[in-house]
Amino acid sequence: MRALLLLCCCLASLLLSGQAEETEDVSEEAPMRDRSHIEKTLMLNEDKPADDYTAVLQRLRKIYHTSIKPLEQSYKYNELRQHEITDGEITSKPMVLFLGPWSVGKSTMINYLLGLEDTRYQLYTGAEPTTSEFTVLMHGPKLKTIEGIVMAADSARSFSPLEKFGQNFLEKLIGIEVPHKLLERVTFVDTPGIIENRKQQERGYPFNDVCQWFIDRADLIFVVFDPTKLDVGLELETLFRQLKGRESQIRIILNKADNLATQMLMRVYGALFWSLAPLINVTEPPRVYVSSFWPQDYKPDTHRELFLKEEISLLEDLNQVIENRLENKIAFIRQHAIRVRIHALLVDRYLQTYKDKMTFFSDGELVFKDIVEDPDKFYIFKTILAKTNVSKFDLPNREAYKDFFGINPISNFKLLSQQCSYMGGCFLEKIERAITQELPGLLGSLGLGKNPGAPNCDKTGCGEAPKNRYRKH
């Protein structure tokens, strides 16, 4: 009995001494990394007046509402693409989206870029899956948390379309306003990590559809990986399928790189490309950044200079998106206008073919079903390519129109030739003028440093010329 008691005392002594050593280790704070390169690259310390984009954005909004939206509504384009452009989206700041598996450092990276560590603003981080919400970080005069239901109800913001994903999702959406200079020029979106062993339907909302909504609106997409989490499962594979066509916005980040020795890092880098090669089927792969994005200093005996250069390159990439904010916005609206125009031309062609094939004794439903089932038999798409300046690569999927006309009967539409008025002109002519003249003119005036609102201020009601401090000279 005395021997057992002595053994217990020895074990207790060892445990206490171990806890004391552990406490001493924790108390020793790891050296923090210098942040001067972040402030310098992103120009956070420059005390300059905020840019006034009002004139350009007001002109852009005017073009959209007068030249694009009438045709978009008349031919129900939103029901084909499920992408409705709001005023909030036109005037919104560039959006940077963070995607990737769980606990790869997405939230930590945002904290690091904004300098939020050890402040009441910081996002919660940890080794376990910690982010279960879509978190939108925006600029505000003071720290403020906004519930998802409030964000969706505010029409002035760009998030009102998110209501269509249901109340369960809105409970998983949160906005955080932070008084930070970087957030005056950009918005960050942190997303729940991908967990491959969890069924998607257990989230309680359409996770992939929500991701697609943010992907469609993101100006820059960071897909973050951990060297220990390179396995590709069904959910990650689905995510990369959703990123098709957005390769120019994607940046791959291999985070926590200073945890590996040089030889192991090379192997992990190769394994990452091997895992992603089947998912990114493009000639030129996305840019990959290798570094450790957190405030603590790099581990000893690692490639500090390489990691720092990679980090600065990423910051320059981010700053380029901010500089090109207006150009990207105008190009996005023009691309949208081209798609709306093609959709209108196709619906008009379907309708004209239907009218040509109808006779007094025909069954209208059967006639149109035949046209929709085999549009090539009636040269629907070939006629558009032959008679208009539409690229065959811009034509939408034929199968999509089966569903579209299943919801919208052909009798609900008018021919393009009937979409004209004496005062307002023709819808098709207005959208073509916007695509070929107005939007390129607005874009060109930015590059030349002119006042894009000056020539037509009487018509558009635009204000003073914006001073774009981010435009390169």
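This is a predicted model: local features need pLDDT of at least 70, side-chain atom pairs count only at pLDDT 80 or more; totals for chains, interfaces and linings use all residues.
**Figure 1. The open sheet of eight strands.** The strands follow the order β3-β4-β2-β5-β1-β6-β7-β8, and their pairing is mixed. Which strands stand at the edges? They are β3 (144-147) and β8 (287-290); each has a single partner strand, so one side of each is left without a neighbour in the sheet. From one strand to the next, the twist averages 20°.

**Figure 2. Pairing of β2 with β5.** Strand β2 spans residues 134-139 and strand β5 spans residues 187-190. The two pair in the antiparallel sense, over three bridges. Within this pair, Val-136 stands opposite Val-189 of β5.

**Figure 3. Helix α12 on the sheet.** Helix α12, made of residues 304-323, packs on the sheet. The strands touched by α12 are β1 (95-99), β5, β6 (220-225), β7 (250-254) and β8. The direction of α12 makes about 135° with that of β8.

**Figure 4. Packing of helices α9 and α10.** Two packed helices are described by the angle between their axes and the distance between the axes. Helix α9 (residues 207-217) and helix α10 (residues 234-242) pack at about 35°, and their axes are 10 Å apart. The crossing of α9 past α10 is right-handed. Which residues of α9 meet α10? From α9 come Phe-207, Asn-208, Asp-209, Cys-211, Gln-212 and Ile-215; in α10 they meet Glu-235, Thr-238, Leu-239 and Gln-242. Sorted by class, the contact of α9 with α10 has four nonpolar, four polar and two charged residues.

**Figure 5. The protein chain as the setting for the close-ups.** The protein chain contains 18 helices and ten strands. It has 473 residues, of which 46% count as buried. Among contacts in the protein chain with a separation of 6 or more, 79% come from residues 24 or more positions apart. The protein chain exposes about 25,200 Å², and carbon and sulfur atoms supply 52% of that area.

Key:
Residues are numbered from 1 along each chain as its sequence is written. Side-chain values use heavy atoms; hydrogens and water are left out. Two strands pair if DSSP finds at least two bridges between them. Helices (H or I, at least four residues) and strands (E, at least two) are DSSP runs, numbered from the N terminus. Axes are lines fitted to C-alpha atoms, for helices over the stretch in contact, and angles run from 0 to 180 degrees between N-to-C directions. Contact means heavy atoms within 4.5 Å. A crossing is left-handed if the near helix is turned anticlockwise from the far one by less than a right angle, and right-handed if clockwise. Ala, Val, Leu, Ile, Met, Phe, Trp, Tyr, Cys and Pro count as nonpolar, Asp, Glu, Lys and Arg as charged, and the others, Gly among them, as polar. Buried means under 20% relative accessible area, exposed over 50%, partly exposed in between (1.4 Å probe, protein chains only). Accessible areas come from the Shrake-Rupley method with a 1.4 Å probe; for residues, only the protein chains shown count as cover.
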